[in-house]
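Reader: I've got the model open and would like to talk through the strand pairing. Can you take me through it?

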Amino acid sequence: MSKIVAFMAGNVYKVLVKPGDQVEAGQDVAILESMKMEIPVTISSGGTVKEVKVNEGDFVDEGDLLIELD
């Protein structure tokens, strides 16, 4: 199981995947907003989305769990 964590603090602007989605390495799975900039969260390995741990509008800190992959 892979875990995707926030690489910086910010607001979750958009979640681009849902449980059951197949994702590929290099795909954007979420967009964080910090200092009025939108920063994509890109995954390094593919898999199936098991669970999305955040909602759009949530604030996350660096290292917070965003998404779990199978």
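Reader: What makes you say that β4 and β5 pair, and which way do they run?

Author: First, a caveat: this is a predicted model, where local features need pLDDT of at least 70, side-chain atom pairs count only at pLDDT 80 or more, and totals for chains, interfaces and linings use all residues. Residues are numbered from 1 along each chain as its sequence is written, and side-chain values use heavy atoms, with hydrogens and water left out. Now, two strands pair if DSSP finds at least two bridges between them, a strand being a DSSP run of E of at least two residues, numbered from the N terminus. Six bridges join β4 (residues 28-34) to β5, so the pair qualifies, and the two run antiparallel. Leu32, for one, has Ile39 in β5 as its bridge partner.

Reader: What order does that give, and why are β5 and β7 at the edges?

Author: The open sheet reads β5-β4-β2-β7, with antiparallel pairing. β5 (37-42) and β7 (59-60) each have a single partner strand, so one side of each lacks a neighbour in the sheet.

Reader: Which strands make up the open sheet that includes β3?

Author: That one runs β1-β8-β6-β3, antiparallel. β1 (2-5) and β3 (22-23) are its edges, each with a single partner, so one side of each is left without a neighbour in the sheet. β3 and β6 (residues 47-52) share two bridges, and Val23 has Gly47 as its partner in β6.

Key: Helices (H or I, at least four residues) and strands (E, at least two) are DSSP runs, numbered from the N terminus.
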